[in-house]
Amino acid sequence: MNETIETTQTAQPWRPRIVAFFCNWCTYTAADLAGVSRMKYAPNTRIIRVMCSGRIDPQFVLEALSEGADGVLIGGCHPGDCHYAEGNYKALRRFHLLRRMLIGMGIDEKRFRLEWISASEGDKVKTVINDMVEQLQQLGPLDIPARRKAWDVELEEAKAQVPRYEEFEEAAHV
Amino acid sequence: MKGNGDIRIGFYICHCGTNIAGLIDVARIAEYAGTLPGVVVARDYKYMCSDPGQDLLREDIAAYHLMRIVVASCSPLLHEQTFRRAAEKGGINPYFVQMVNIREHGTWVHDDAEYMTGKAMDMVRAAVLRVYAHQPLERKQVPITPDVLIVGGGIAGIHAALTMADAGKHVYLVEREPTIGGHMAQFDKTFPTLDCAACILTPKMTAVKAHPNITLWTWSEVEKVDGFIGNFTVTVKRKARYVDEDLCVGCMECIEACIYKQGKFPDEFNMGLSKRKPIFIPFPQAVPPVPVIDPGQCLHLKKGTCKDTCVEICADRKAINFEQEPEYKEIEVGAIILATGFTPFDATRIPYYGYGKYPNVYTALELERLVNASGPTGGEVRLPDGRTPERVAIVHCVGSRDEHYNRWCSRVCCMYSMKLAHLVKEKTHAEIFNFYIDMRAPGKSMEEFYNRISSEGIHLVRGRVADVYPETLEKKTNGQIGRVIVQAEDTLIGRIRKIPVDMLILSTGLQPRIDAEEIRRMFNISCSAGGFFLERHPKLAPVNTFTDGIFLAGTCQGPKDIPDTVAQAGAAASEALALIDRGVFELEPNTAYIMEDDCSGCKSCIPLCPYTAIAFKEEKQKAEINEALCKGCGTCVASCPSGSIRQHLFEDEEIYREIRGLLAYA
Amino acid sequence: MLAGEEVIEQMWGVSLDRLYDSDEGQRILSCIQCGTCAGACPYGEHMLYPPRRIITMLKAGLIEDVFDSDSLFKCVNCYTCMTKCPRNIRLTEILLPLVKEQSAVRLEEMPAELQKAIENTYRYGNTYGESARKRAAWIETIEVPIRILAKDPAPVDILWFVECDLSYHPRGQAAARATALLFHLLGLDFAILGPEERCAGDCGRLSWEPGLAETLVDYNLSIFDKYTFNRIVTNDPHALDAFKFRYPMFAFKHKTTATVPELYAHLDRLKPMLTKKLDYLVTYHDSCCLGRHNGFYDEPRALLEAIPGVRLVEMDHNRENSICCGGGGGGMWLDTWYKQQGIERLSDRRLREVIATRANVLAVACPYEVSRFEDAVKLAGYEDRIIVRDITELLVEAIGGH
Amino acid sequence: MSDKPKIGLYWCASCGGCEESVVDLAEDILDVVEAVDIIFWPVAMDFKRADVEAMDDRSITATLINGAVRTSEQEEMVRLLRRKSAVIIAYGSCAHLGGIPGMANQFDREQILRYVYEDAPTVVNDEKTRPATAHRFNGSEATLPVFHATVRALDQVIDVDYYIPGCAPTPALLKAAVEALLTGTLPPKGTVLAPDIALCDECPRKESKPEDLRIERFHRPHAVMADPDTCLLAQGIVCMGPATRGGCEALCVKGNMPCTGCFGPTSRVRDQGAKILSSLAASVAADEEADIISILSTIPDPIGTFYRYGLPGSLLRKLLSQSSWTGGTSHHA
């Protein structure tokens, strides 16, 4: 299958995009509840449903960031409430180590967030998302795909033959 | 890019009336979906979940040789099964369906149409990419244990137990108190029919006791719940009653014989308005009719110095047993019905209503006992000083509809306040003032009841009581001792009224039981914002919980009156019956599985499984997942360091595709 | 019902036509017309437009009619309606001040006493019309050394904002002396602004005269900027309210507390000093600003109970259900006007509850209350049955030797 | 020229260990030399760039390139070799995933240059002189290659046909690869020429790994005396074995050192570091947030530990500093 796909491009000012991984039992349900309760919140989040926050592979987080998410939100059941006994604790442990790694890679800690949201906390879905969107709005885009293109500009440059002297002079003073 | 001979995908977007189409341009999204790889047909339709909507799916599968289906509509928690069944009927594997939740996570929560349209396109793209990678799966079936546990022996638990038992199922009915009957047993008459609560309840209570299919455990509590739908293992603690239920014949002579000649301790059943002995039975018609001894009050148990007159009188039966220890019973059940009931709002929390401060301020439940013929005053409504009240005020909405206490309307207070107005007036001929905010009389015969009582000549004051204080504080007192002034704005005449009354009745609302949170955890279900147990869906699954096999009945789910409680108990019982009678339960095939050739046998996954579903196979030097034990959380999948564990329905590849689809760049 | 920071922020710059822009303003729309506000209001029965009707009129677009009435002259800013409102509508903080402001504008003639108090505050920075230079004159009457920042501007821990009543009123000065002594004995590092201090602008005057309020805020902020201190402590709960809920709109960020909670924080050191037994049956009158609006119910009672011999007895209306002394919201300067209207003063009404307790001491924590209740006691002829004391005065009395 | 297959070997940003590993074929190298013509191998034989440029396109049967790509010269050379070779084999961790030099991607170029030429404790450079890409001296011009801002694995610059992993690859892997090449039995393009199963499979300590591993704290290998017979993870030492492709004969473990992951992930994993992170973190023996953080803090350098050989090839690749990024112009829904 040819996976070249057209994207939906609308000429709007930049708005952060969050990929949210929500567990089926608590947080996804809470997001449904927010819907049923018609709570309005920032539309910047795209939710991916997993059965348990313990299913969230750190690779998913990195993939989401690397594909252009400005932030990643993990939502799971409150400690002690996991539908699968303790998947959320595993998520919490992974979260902390991954968070350190992301910070080490220059990613602001506000871009990666874990929240316990129970099935009844529709309003928390709203406040957490609104809050995160506001923070990301201030941080500006992460936009790794665009950065990657920018990084690779140097390859395009070097494809040319040996540059003339003036250009070296310039490069040396960058 | 139409159908490149590879995977052929059908896309459907639901208008959901105006719920979705009211905000976003569904036709535009369908058109966009049609440009996505693999999509050979893309349509928008008014109601996808309707029969014609499902037919459309089936017809298209045949006409376009569809291999995958994407439906953009509501939450998959709501209709995933619907569309899977439709796909199956159309002849493709039910798991070739992916839903896009553009309603709950979209049009219901956002109002920027343009942006939401873009978001919907992102979500659609993700689903189309994801569904491409879907694998055909088979449903797994597990057998269901035919017995059922019902927690709580109020009218809801009783009715559910009898329904199930009559259908031939074995029921364990567990009640915390020494008797079943719950709050209803405390009521005098019930609205709107004004029939006596005991007359309708006690026959059902005795039927429970007599039913061969019901194991009744009163004075017992659920300690632990393990397992899952069809196969719960429950530990029940039977507290020490110190009276052997098997030996006791219910003669009550032990109570008579107790060394305490008079009642000494507040009688819980009568809301502390009378006294009882350390050995007691809550009320004469209690089921089982077996006394219970309070170990904190009984001289023998407390000090060991009693003459043991109760033991003496029971010499024949030897039912009194001071050595009794709590017993723990482990039972296997296939389904559980929670009917744990409510707690009345604690009126002391509103200091300005004076409950607990002024002796003539009562709660409604206290009044129920006062007007009850078998209550502490034999049914006479008297003040603490023995007088019969001449003026009585009833305050509606105490603790309800209030941001400081409980936000919800407790639903029964208006009608029971009218009932109490009627009963008190009937018994005392007092002048009655009902202070209400809005008179709520929905439901069959309720308006008629309201009409009837209001014509009996009570004063209905539209205004919430704002203050209660002793009459002596006002300048002009007519000498009546102990009257309180009820102060409220009568909003209909626009005047502040200060009405001195002899008796004030607080119509306290219903709230979750104090330990609802612990029960919720034990049974692994959810609570709604106010703390009542959360139903799976308010309309489509009102007695189900998010935990399969656990059902709700009565006021533990939310305030409701007796007719509704009984109706809901019946519904919970039939849901449980339907489950049990099916004999097997189909599990989501979302289990994890190990790619045997790829597994290095590093054992990292083994301790992570909460269900010990993963074992290390020595002969192969590989790990293996027992599919029957796996619940499909996917924790091991996320952890496998060499990517050798996969999960059906949530394959890495599927999730990656979803991520990429959501974020795809031009 | 305590105001959270987010609520305070929402109050900033709210006007009637933009009322519904904030979440707190929008709450007004959730009113269920239950009448609790009107029923709870101490003067509700005398208002043509009690809060419930104000909301109805507002929703019906008839709010102008309310401006033309004198209903809001009877609002004493006691926070009772707001505290009891089942919809949590922050009436006293948001809606009522806005209506009151408009009512004042429409008024043909301001009641003379209030007019005078406002004028005095404009001209002299205090309601008494006394010279600002005399503001610290009271310190001459005690031996405790009191630092005035203008003379010694070194950094200090506590800026003690004494306020007008404690500076000028003879009964207020007694509380000022008591407070100074307590601070001194506790070894607190404190100083006062002295002649530089001006009225903080209490809840009443702030809503009657927003222009005056801003002038006072600007002035006091400019003085605060001159000195280095950690926090502000004030005896006047109205000033506390002004600092906590109004001043932040103007970038005021200092931590502020009242004397009562400040003393309570040192109770373990204070208690051993309270050696003299006072054989009093005390009832405590909760100040609206200290209690209902800031939640200090237990602190004053704990201070009183720390005094040997003191037995506390509660009035029927206490804590969050307490009844205002009638001094708030400008009521302090409307007594004559109330009398003209034939309305019983709240202090007189409250005194009946005091008497009903059979207490022989009425303890208070707000400078308005001492004079208001002493008036009421005289009027009712109860001088031999009850005395009125500020909590600080009782504490000093219990220390003995002073 | 003979008809024997022509083989090229080239090095980019590498330590020379990979070249050494070719020599480590020992006497087997004679068989290789017997079977092929080595037409380009700067470290051992005197060929010039011009010689390569003169060759016909795709005339080299296979070129084994080791080292990451960091400079313009390396980039030019690999592009040239790509043109001239039928098959390109990324040889060793650096070419495969970026390798040890790839850890430089944790820093900006400016950070690196400043440290190396100014801030490092052993540097005396008051004039803050830095290498210039061109310098004129006495009328003649000397040039240096441009130092790229990013370290790249080979396939991030040119199309790569096969990978031989390892730091350095074992002679056995090389030999097997050459044999496959000669016999035309190479697997599909893109394959990593090593077993696709994690190292534990061949680890001599596999037996000793407990089935209930719960990690109370992590130890760094230099800080403890590791028991030579027990699984290193069971001793709290971070061993990347479970997340690392096998085929190395567990050489490090046999030397009582933990696997540090040089063979990279299995084909089923996209980000080796993330996977071992996931597994290790999940095994931490704590539920309280503070305890979790405390145990995890015993891994002082997660990036250096989990991405020692694979940062450029990982999902994030490179430091994402806010300062160097002024994006915000891209418009997307």
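## Domains 2 and 4 of chain B

In this predicted model, domain 2 and domain 4 of chain B bury about 1,700 Å² between them, and carbon and sulfur atoms give 68% of that area. On the domain 2 side, B:D188, B:F191 and B:L194 supply 33% of the area buried against domain 4, more than any other three residues. The contact joins 17 residues of domain 2 to 24 residues of domain 4, and the C-alpha centres of the two domains lie 33 Å apart.

One salt bridge is counted between domain 2 and domain 4 of chain B. B:R411 and B:D564 form a salt bridge in which the closest N and O atoms are 2.0 Å apart. The side of domain 2 that touches domain 4 has seven nonpolar, five polar and five charged residues. Six residue pairs in polar contact, both residues at pLDDT 80 or more, are counted between these two domains.

## Domain layout of chain B

Chain B is divided into five stretches or sets of stretches: domain 1 (9-137), domain 2 (139-239 + 326-341 + 516-586), domain 3 (253-317), domain 4 (344-511) and domain 5 (588-648). By these bounds B:R411 falls in domain 4 and B:D564 in domain 2, and these are the partners in the salt bridge of 2.0 Å described above.

## Interface of chain A and chain B

Chain A and chain B bury about 6,000 Å² between them, with 57% of the area from carbon and sulfur atoms. The contact involves 67 residues of chain A and 68 residues of chain B.

Eight salt bridges are found across the interface of chain A and chain B. In one salt bridge the side chains of B:D652 and A:R55 meet at 2.7 Å, N to O. The interface of chain A and chain B also has 23 residue pairs in polar contact, with both residues at pLDDT 80 or more. On the side of chain A that touches chain B, two or more residues come from each of strand 1, helix 1 (27-36), strand 2 (45-50), helix 2 and helix 3 (87-104). Helix 1 of chain A gives the most, with seven residues. By class, this side of chain A divides into 30 nonpolar, 19 polar and 18 charged residues.

## Interface of chain C and chain B

For chain C and chain B the buried area is about 2,300 Å², and carbon and sulfur atoms give 47% of it. The contact takes 33 residues from chain C and 27 residues from chain B.

Two salt bridges are found across the interface of chain C and chain B. B:E489 forms a salt bridge with C:R52, with 2.6 Å between the closest N and O atoms. There are 16 residue pairs in polar contact between chain C and chain B, both residues at pLDDT 80 or more. Helix 3 (36-40), helix 6 (80-84) and helix 18 (346-356) of chain C each supply at least two residues of the side that touches chain B. That side of chain C has twelve nonpolar, ten polar and eleven charged residues.

## Aromatic pairs

A search of the whole structure finds 29 aromatic pairs over all chains. A:F21 and A:F60 form a stacked pair, 6.1 Å centre to centre with 25° between the planes. A:F21 lies in strand 1 (residues 18-23) of chain A and A:F60 in helix 2 (residues 58-66) of chain A, so this pair ties together parts that are 39 residues apart in sequence. Strand 1 and helix 2 of chain A are also among the elements that give two or more residues to the side of chain A that touches chain B.

Methods
Residues numbered from 1 in each chain as written. Chains lettered and ligands numbered in written order. Predicted model: local features only at pLDDT ≥ 70, side-chain atom pairs only at ≥ 80, totals over all residues. Heavy atoms only, no water. Contact = heavy atoms within 4.5 Å. Buried area = accessible area lost by both parts, 1.4 Å probe. Salt bridge = Lys/Arg side-chain N within 4 Å of Asp/Glu carboxyl O. Polar contact = N/O pair within 3.5 Å; in protein donor to acceptor, adjacent residues only side chain to side chain. Helix = DSSP H or I, 4+ residues; strand = E, 2+ residues; numbered from the N terminus. Nonpolar A, V, L, I, M, F, W, Y, C, P; charged D, E, K, R; others polar. Domains from an automatic or database assignment. Phe/Tyr/Trp six-rings, centres within 6.5 Å; stacked < 30°, edge-to-face > 60°.
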